[in-house]
Structure formats: structure tokens, C-alpha cells
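Trainee: I would be grateful for a close look at a single part of this structure.

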Amino acid sequence: MPVTKVLTEGIGEANLRDIDVYRQRGGYVQWERAVRELTPAQVMEAADKSGLRGRGGAGFPTGRKWGFLPNNGKPRYLVCNCDEAEPGTFKDHMLLEQTPHLVLEGILLGAYGIGCTHAYIYIRGEFKEGYEIFTKALADARAAGMFGKKLFGTDYSLEVTAHRGAGAYICGEETGLLNSLEGKRGEPRLKPPFPAIAGLYGMPTVVNNVETLAYLVPVLKNGAEWFSSVGTERSKGYKIVSVSGHVQKPGNYEMPLGTTVREIIEIAGGLLPGRKFAAVQPGGQSSACIFEEHLDYPYDYESMAKAGSMLGSGAFTVFDDSTDFVKAAFNSVRFYAHESCGQCTPCREGGHWLERVLHRFVEGRGLASDLEMIERVGTTITGLNLCALGDSIEPFLISVFRRFKPQFEARIQREEAVGV
Amino acid sequence: MAQNFEFSLGERRALAPTGVIRLKMADAQELVNLTIDGVPLSVPKGTLLVEAAKQIKQEIPVYCYHTKLGPAGLCRVCLVEVEGMPKLQIGCNTPVAEGMVVHTQNAKVNAGRGMVLELLLVNHPLDCPICDKGGECDLQDYAMAYGRGSSDVADPKQSKPKGVDLGPTIVLDEERCVVCQRCVRYDDIIAAESQLVVKDRGHNDIIATATGDPYAHNFTGNVTELCPVGALTSKTYRFKSRPWDLVRTQTSCTQCAVGCQQFVDQRSGSLLRAQMVESDDRVSDGWLCDRGRYNIGFYTADDRITQPLYNDNGTFVQVGWDDALSMWAKAIREAQTAGKAIGAIGGGRLLNEEAYLLQHVFRAIGTQNLDWRAGRQAVATPARTGTYQDLEKAAAILMIGETPEERAPVMWLRVIKAVTRNGAKLIRVATADKAPNIAHVDAKSVEEALSLLPAQGQVVVVWDGIDTSVGAKIRDAMASRNGMGLIASEQPNARGAEAMGMLPASGGMDTGAMFDAAGRGELGALSLFGVNPVRNFSNPERARAALEATPFVVVSELFMTETARLATLVLPARGAYEKSGTVVNIAGDLLPVNASVQGPVGTLSDLEMLVGLAQQFGLPLPTVEELERTVIEKAATAGPVALRELHGEAAHDTIARPARTIWDGGGTAAHDPRITRMLADKMIPTELVEA
């Protein structure tokens, strides 16, 4: 079986929240070695050569992202995005609560790699327990001299601040996160300028996902080649996949990228007895569904794009033939309408309009003319928005609308009976 | 007859507003070549497409973008197609690039804009027939240009609060709002108030104040014009008119000495609204203060004087203009025959042409007892004048004296710009309790303030012109470093009056000396033009005693002011929206004043009164052309005047006064019931309330 424990190693076996346990198992060794023996450029090079790509959703090569930082003498910031709020995604949540020191060590390495002296972690508001666990880990690590002033006898000092969000999906968008972190309303910023040029407090900033940063620890331990030798041509290394939906054993499974969609379903115990496969949403709520014809596609960034979807954050939701896709579509659109910050027109108005139309379908009060409207509006608003949230309304909705159209058509009533 | 005198200087060369294209991030002169709609053009590097398109007279529609607020990327209506880019791009945040090929008008672009407009109309109430903005609404215009003309919306529109009382000046209709956030950004960037925010989220977004308190400061009205739709409306104009029924005049605001350009809209002789002139980069930077915008109702107030009034032993009786003019001339002659002095005070509230004629006529009659100063201010022209652009670019700004932020409000917006955007150091010797919302240093004395100046860079001093000993210190300190000055005058045309020669000369008495002479029984007749020393003089009681001791006092006024009540003869004057001419502002700009409405029947301009008086004496008068030429010459060549204190008066510390607000000025606001209603709501703090 392709399940491989890298970041998840020890979870469920040892109390990794205990800094002593974490250190007995080799924790913070890479961090101390990096500060004592490696230059920041060497850490950046390791990240670049490993082929590690952003695990938060966009899949952007991590080393390249760091490379965008200008050498202009301004202070730089590393921000760890732990606002994991994508429906179906629950990997960062697990890492934060189960192995907080690994998360911290990843942040420390990332901060060192980009030459930053103050790193932040933005923790989703709902992760109250995770926040408390991580805060304790921070205190323990500080007491153990893992960060602070003049680390390990060198001149390098690093501060880490944990900030708890207030519960808005949009604050997971990196510039919405930066605004929120600065104490402003959590609205995405207009780009350009990008965070690498003007991010937190207007300074050059890298925002990396929890899982991305955590992989820096095994990459430094085992070498970039160890990581890049796994996976497919352009999707290297391992990925934690959050499998949910109609499977027998939903949960987080870590595996090499390139494992097939069919294998992932099997890893999660297969479909429920007596059910037939309908669809998989392979990359979180923002991704389009893929279907039977894609079951043997490798689960990597390129193949998922080829299938018309994306790998995203690795949230893998399985739908069997018992699914009411009208309700599922409504639920998805309602989520985006609810979470829209309201800044830009297509997302604010389009999401809400589609939500109301789909709500009528759920109640069996659809209009024949709505079918054209769903297709037209659903697809047209994509690409017109300020940030990715508005562009995320379409993929799931339109993919299931087109595939399971009879389910929608069955909810159409004669016009005079609709009463709208 | 005096009424027959027509005096209209009409169109004037003075200030020609120029449309300057602002370029975000524009580098000096590096040019980029691109093609927009098939037209090749070269524009400076960094120019945004939305601005570049203006050069070929192609409009890219915008809601959230505004030249003075920059791009926000919210409304998404400014979509354009850039060849080589798969998605439509927003014109407001896409800078030009070498070789770029842009289409602002094609099927793909129009379809994108059409989608945005369709979405904006999903919940828009379409109550255009009762909306103030109807006829000048960007949502109407762009919906006509790019909209579908039909709608697929089958569900009821979302209902939101209408008629929300946002503060003393503004009513908000949440349903009409397109959440462009221009108002929010204006309040933050331009006014530095940050009172307005977007509340709630998504389609429930509403505009509100962060604290829930009324939206109130000196510059609230500007948001009604920034609003591209009818969401933010002025209380004074709400439901008053359709824009196509208004007759528009461009003029210079004379409610303070800044000289902002403004459009004044009247209908059937009533001034209904004043609006900003966005292209007025030189003076107002495109903004108005709330007083300049809203204090226009007093012109049609019921208590306006419309007949000459003669004080017959304590009772004012109406007299005709012929009688009034001959009584006036007779009183002056009798005083002169009796060996008594005569004098005239005023000019700071008159137009230049009037101020010039005032000193011309009275000098010809035979007196040098002339002064524009009737309040606390001693001087209006600084040793070296700065412009508002100098203020904006200054390295340091020294603010000394009585609340220039209230006296010259729109100039304060320049100070905000200088400090927040250009990094100027603001040093105040403050008299106001209210600290500004921008970075500043408070000094206890002028000496301390001067010691805090940076060693290098341009300094601009903003001063009130009151205390001449302070003026001397500033003058000496600035002489060595080429510093500039701006004097925030009490009276709108104080600088013009000074330039036109309304100052005592050849042993003539200034205002203080005339009041002293009156007390000694040596003043036979005194003529006052648009001044109210009984309210505003540094020692009001001294002014009152002087007027009571003068046998014949003539007052030209709009209302029965404290001073007019002590007059022998009250002459009903016209206000600045009722006559044409010029003024000189704080920065020394000669600015046009153009009549928007005719004054009430029975009133005359001060110019017409002075012509009438000259005729009583048989004096020769300059022709209109001569007058116009002389005014331009004098305005252009007038230099600084000596720092002269008003005679016998330590003007600056006689009477302690409460801090001024923008609503003080001449007290005209008290005659507009709409403004007094605001005051009654206690939403505008002021001591304005007067009998």
C-alpha cells in the first residue's frame, strides 16, 4: 500500500505535543543544524531542489515563491497559513493538534530560509484547542531555546507570534489573512502588488501553508533528492490527503503524489456496501468533480488539472450514487455566498443569486429558465473576481449540474406553481 | 437710477481649471508604447489603462476606481481585453506595458461588463424615478451602455434599510449601494477620519460608521458626489430636483478664503446645491467642505433685508434707494463741513472690483480713513506667498494660531495629503482642543515650533494673521530659509481687499483709530461694507461704543446683524452668488466669481451702491474695462504689506473666544433653517447660535 508516514509518523503512537518526546524522536535536530551549519541560501536551495509545492491549494513551487522576495533591505516576514477552512480539508488541523512542534520547526526553517526575524502563524478561529496546544508548544520551545535571541550561540534571532483568527473562510486567502493579521477587515487585497513585494505591514512576505512548511523538516533531514525522487514528473514528494464522504474509513492518509484516485478510495476502505461510485471532488470545495472515467488518473497536480479539476488542498470527497447533487450544489453555493466578503460584484451578487435559485430547486420549485441561468451565470462570473473565492463558486456547481442534469430537471415545476 | 447699473465682468481669464491626468506610480518621463482600440499612443510608464484610455477619449466605465482614490478592484466593471491574456483584465489596476494591445470595446469586453451590470442590478431597487441621482447616475448610464435590457432574476430583491440617517448631512439608501467603497476610502485617505466602514459581509454588506455614531466632520458632503449611485444623498438636496432641471454656474466659493471652485445649481432662482469641481487641482484639489457645500440656503432666507432702512429714532423705516443714496451723501458732506472725520471699513467680504471702487470713491471724496480689517486679523498677505501645491510638497508645515483647519477647511485636506502621502512634518502651536488624526507634533510656543523644524527642505507656515509679534518672528525665521507663508484669513477676500488698497494711507486712520476717534466725538460718518465688528472685532464692546458715538453709520449687509442694528442707514446688499467679479484667495490666486442667481428685488451689489454714491458727488468713474484691468494689475503686483497692528489694540489677547468651527464665519449659516436644524440636532458642535 502506498500509505507512507512522514509528517504523520508517530501520530497516534507517541505524545508528540511533549517537547521532550518530540526531541527524543529527532525533533529540532534539523533546526539546530540549519542555524549552526547552513546558510539561509542552503535552506532555500533544499526547498527549491526538493520540488516541494504549496500544499495549501495553489500548488506553487515553494522555492520559487521564496525567490520572488526582493533584496531591498526591508524586513521580511514569514506567515504560516493555518486558517484551514476549505470544506473537506482537515490535515493542518491534525498536524497543529497532534504534532505542534513539527509545525513550529517547519516555520522556523522557513523563516531562516527567507532571512526573516519575525514569523507569524495565523490559526483558524475555530481551532481553539489547536491554538492552545500550539501556544504551549511555543512556550516550551522558547524555554528550550529553540527560538528567541541569539539562537544556539549565533547572531541569528527569531521571534514567533501565534495569532488566532475570528472565523472567516476568506481569511485563508493569503492577502485577506494579511489584512486580518494587521487588525483590518479580512478582505483580500488587490494584486499587484503581491505579498512578496508588499505583504504584511507592507513588507516583503511569504505566506506558506502548515503542511508545506512541515515538509521542510524531513527534506532537510533526508535531502532534497529523497523528496524529489518520489511522486510524478512535476508533482514531487508526499501529500496528506483528507478523505471524506461516502467511504468506509474517512481520514487523513499520507502518500506519495501520483497514487491513483481508485487507490485512494481503497486506502480509505472503499465505498460503503451496496453503493456505486458517482463522483470525487479531489481538491476541496473549490474544485470540480471528477468521475468514473478519471478513476485511474494519478492523484497529482497535472493529472487533476487534465481531468478538469485540481488537487487543491488535498481534500478528497467521495460521492456515491445515493447523493442528491441538487442539495450538494446548493450547499456548496450557499457556503460561498455566506463566506463572500462582499468586496467585489460577481462574487457578492452572483453567489447570492445562485444560492436563491438553487434553494428553490431544493424545494422542488425550479424554473425551466433557471437551467440556462445557472449555466450562464455560473460560468461567466468565473475569472471576473478580485480573488479566488468568487472563482470557486463555479467548479463544483457546474461539474455536477452538467453531469447530473436530470436531477436538476426533476425539480422543475410548472411556472404558475412556483410563486416567485 | 442705481438699479440700472449693469456690472457683469462675465467670463474671466483668472483660473482655468485644467484636467490633469493623474498617473499612479508614474515614473518621470519614461514612455511606453501601446495600442488601445487600434490607436497607438505613448504614455508614461506606470500609467493605468483606465487613465491611458482617456488620452484617446475612450471611456472605461468605473465605479470603485477614482482618480483621487486610486484603484480598488472591487466593482469589476472596468474590464478590458489585453491580447495575450486569457482572462479579461481590470483597466483600473493594469499598468501599461510596451507593445500591449488593448481592446476597451468589443464583444468579449461588453459581455463581461454586461455580466457585472446584470449582477449589480440583481438586488438594486431600480427606484430611479424617485432617486436624486436619476439622470446623472453611473449605474443608469452603464446599464444603458452595456446592460442586457432584460433580467433572468425570478426571485424577490433583497430588502435593506432605506433612508438611513447617517449623520447631520447625509441620508443613506442601503439598497442602492453598489459597495464600491469610494466613501469608505475617501474618509480614510482624503479626510483622514476613518469613520465609515463596510459592515457585515457578502450580500449583506452595508455602509455605516464604525462606532455607530453619526457620520460627522467638516468634509462629509463629498461622499455624496463620490457615490456613483444614489446611495448617499444630501439632506439639503434630497427629493428637491432632477438634475436636468438645474441651471449650473461655475464660480469660486467665498465662504472662506481658500477659494475652492464650485458648481452652483439653481432652479427658478433658488440655489439648490453646490458641487465640487473635480478638475480644480490648483485650489480645492477637487473637494468642498460642508460649509461651502451646504451653506447656500441663507440667500433666500425670510429675514433677508430687501429695502434700504433708515433708523428713525430707534425704529427702522423703509426708504427708497434715491433717498438712501442722497441721505448717505448728505451725511458725509455735513460731517466734512463740520470738520469731522469720515471713514469706511470693509472689503474683505466684497469682490475685488467693489473693494477697489470702495477705496477709489472714498479717497476721491477726501478721506484716507480706510481699512478692510474689522475682526482680529491684522494682515492677510504673507511676506512670501506659498501656493497650495507648495503646501502639498512641503518638507515641514508650521501651523500657528487660531484653528486654520476650521478657518480654511479645504486647505486642511492639503495638509493631510502632505503629511500622510508626502511625509511632511506637521508642527502645531495649537489653540484647538481637537487634535488632528494625522501625525503631528504640538509645540508650546512659536520658538519651540521653529526649533523643531528640519534643517533642510521647504517650510510652509500656515498662520492666522492675528498677532503681529508672532508674524514678526515667523517672518524673521523664514527669511533665512526661504520659507513660505499662507495666511488663513477671517474674511474670504481679505487678501483681495489688501491688494486693492483698502488700507489707511498718508496719515489715515485704521479701524482701531477710527473707533478711538469716534469715542472722542471726532468721527462724523462711518460707512461699513459687509463687516460686523460688533460681533467680530477684537474688542466687540469698543466697536459697539464707537458706532453708538458716531452720528451717521451706514451699513451694507444681507441681514440685520449686531452691527446693522446700530446703523443710521442700512443698505440691502447682494451676496457673492448674486454678483460677478473676482476675489484673491489665501494663495494669491485671482479667482472668478460668477453670479448664479439674481439677488432679491430691492437689493444692490456694493459696486452699484458705490457707483450711486459717486454720482451723488459727481465723481468720475472708471469704465468697466478700466476697472477690470486695474483689478488684474493690482492683484498681480500686490506685494506683502507691513505687519501693522490695529491701532491701540493688542488684537490677539483682548477677548478669550471659544474655538471657531467652519460654521462661524459671517454667521450666515444661522439664517438657513436647514443648517439650524442640524445644529438643533446637536450634531455639529458650534457656538454659532445667535439671536
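**A domain interface in chain A**

Mentor: The count between domain 1 of chain A and domain 2 of chain A is two salt bridges, a salt bridge being a side-chain nitrogen of Lys or Arg within 4 Å of a carboxyl oxygen of Asp or Glu. E211(A) forms a salt bridge with K239(A), and their closest N and O atoms are 2.8 Å apart. This is a predicted model, in which local features need pLDDT of at least 70 and side-chain atom pairs count only at pLDDT 80 or more, whereas totals for chains, interfaces and linings use all residues. Residues are numbered from 1 along each chain as its sequence is written, chains are lettered from A and ligands numbered from 1 in the order in which they are written, and side-chain values use heavy atoms, with hydrogens and water left out.

Chain A is divided into domain 1 (19-228), domain 2 (238-320) and domain 3 (325-409), with bounds from an automatic or database domain assignment. The C-alpha centres of domains 1 and 2 of chain A lie 27 Å apart. In contact (heavy atoms within 4.5 Å) are 19 residues of domain 1 of chain A and 19 residues of domain 2 of chain A. Between these two domains of chain A, the buried area is about 1600 Å², and carbon and sulfur atoms give 51% of it; buried area is the accessible area (1.4 Å probe) that two parts lose on being put together, summed over both.
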